[in-house]
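This report covers helix packing and charged side-chain pairs. The sequence and structure come next.

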Amino acid sequence: MAAPQYKLTYFDVRGRGEAARLMFALAKQDFEDQRIQGGDWATVKSTTPQGFLPVLETNEGKISQTTAINTYIAEKFGFMPDTAYEKAQAISVMLTLNDLTGRISSQLYMPLVYKVMPVPEDVEEKKKTLAEEINTCLAFIENLSNSGSKFIFSDKISVADIFLFTIMETQRQVLPELNSDNEWFLKVFNNVKTDPRVQEYIKHRKTSPLGV
């Protein structure tokens, strides 16, 4: 049987691909990290299953959709929670965060960070609205959590914690004016960030030209 081989294709930013990269690193699993530059996207797009990224190629075939990719890696390498209920809630967390980051990206990252569209006239109002949405999202996740544990569901790091960390790390870096002061979230975020394995990954990870 051939050894497992993995190739993750995403843009040269952290974004929706970073949780997969971090899980591979924590699992000490080699993978090919293909980073697409903007000028190459038109050529690459036609090779993807659904016309967007990320895409994970495995010995079994290609997987598209961020949540599907993260769930697959988490199942393979032990980052899913223990019970069926918590597994379902971990997927709910990822879907909720994916929706949130989509709105932040289209309304703020695209004009302010990636600079691929004009800055909207109501940008300050959008920031205010999205800051409220971040707090609503975090309150929803907190309500699912075991509040006495280090991470969302237990003292064991899961895919939900990893996705929460990677999505919010970028937001807190590039749009700090949107930062939440939710104490529960800050506890979980810092517990992920200070994990020695995560620290080692951050120390050596590739930085994109945009710095995110």
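Arg103 is partly exposed, its relative accessible area being 33% (buried means under 20% relative accessible area, exposed over 50% and partly exposed in between, with a 1.4 Å probe and protein chains only). Glu133, at 24%, is partly exposed as well. The two side chains form a salt bridge with an N to O distance of 2.5 Å (a side-chain nitrogen of Lys or Arg within 4 Å of a carboxyl oxygen of Asp or Glu). Arg103 belongs to helix α4 and Glu133 to helix α5, and the pair links parts of the chain 30 residues apart.

## Basis of the values

The model is predicted: local features need pLDDT of at least 70 and side-chain atom pairs count only at pLDDT 80 or more, while totals for chains, interfaces and linings use all residues. Residues are numbered from 1 along each chain as its sequence is written, and side-chain values use heavy atoms, with hydrogens and water left out.

## Packing of α4 and α5

Helix α4 covers residues 84–113 and helix α5 residues 123–144; they pack at an angle of about 170 degrees with their axes 11 Å apart. Axes are lines fitted to C-alpha atoms, for helices over the stretch in contact, and angles run from 0 to 180 degrees between N-to-C directions. Helices are DSSP runs (H or I, at least four residues), as are strands (E, at least two), numbered from the N terminus. α4 and α5 are therefore roughly antiparallel (angles over 145 degrees).

On the α4 side, the contact (heavy atoms within 4.5 Å) includes Leu97, Leu100, Arg103 and Ile104. Among the α5 residues in the contact are Leu130, Glu133, Ile134 and Phe140. The contact residues divide into 13 nonpolar, 4 polar and 4 charged. Here Ala, Val, Leu, Ile, Met, Phe, Trp, Tyr, Cys and Pro count as nonpolar, Asp, Glu, Lys and Arg as charged, and the others, Gly among them, as polar.

## Other salt bridges

The count of salt bridges comes to 14. One of them joins Asp12 and Arg35, whose closest N and O atoms are 3.2 Å apart. Asp12 sits in the loop between β1 (7–11) and α1 (18–26) and Arg35 in strand β2 (residues 32–36), so the pair ties together parts 23 residues apart in sequence. Both Asp12 and Arg35 are buried. A network of salt bridges links Asp12, Arg14, Glu18, Arg21, Asp33, Arg35, Glu169 and Arg205.

Glu60 and Lys76 form a salt bridge at 4.0 Å, N to O. Glu60 is exposed at 62% relative accessibility, and Lys76 is partly exposed at 43%.

Methods: Parallel < 35°, antiparallel > 145°, perpendicular 65-115°, else oblique.
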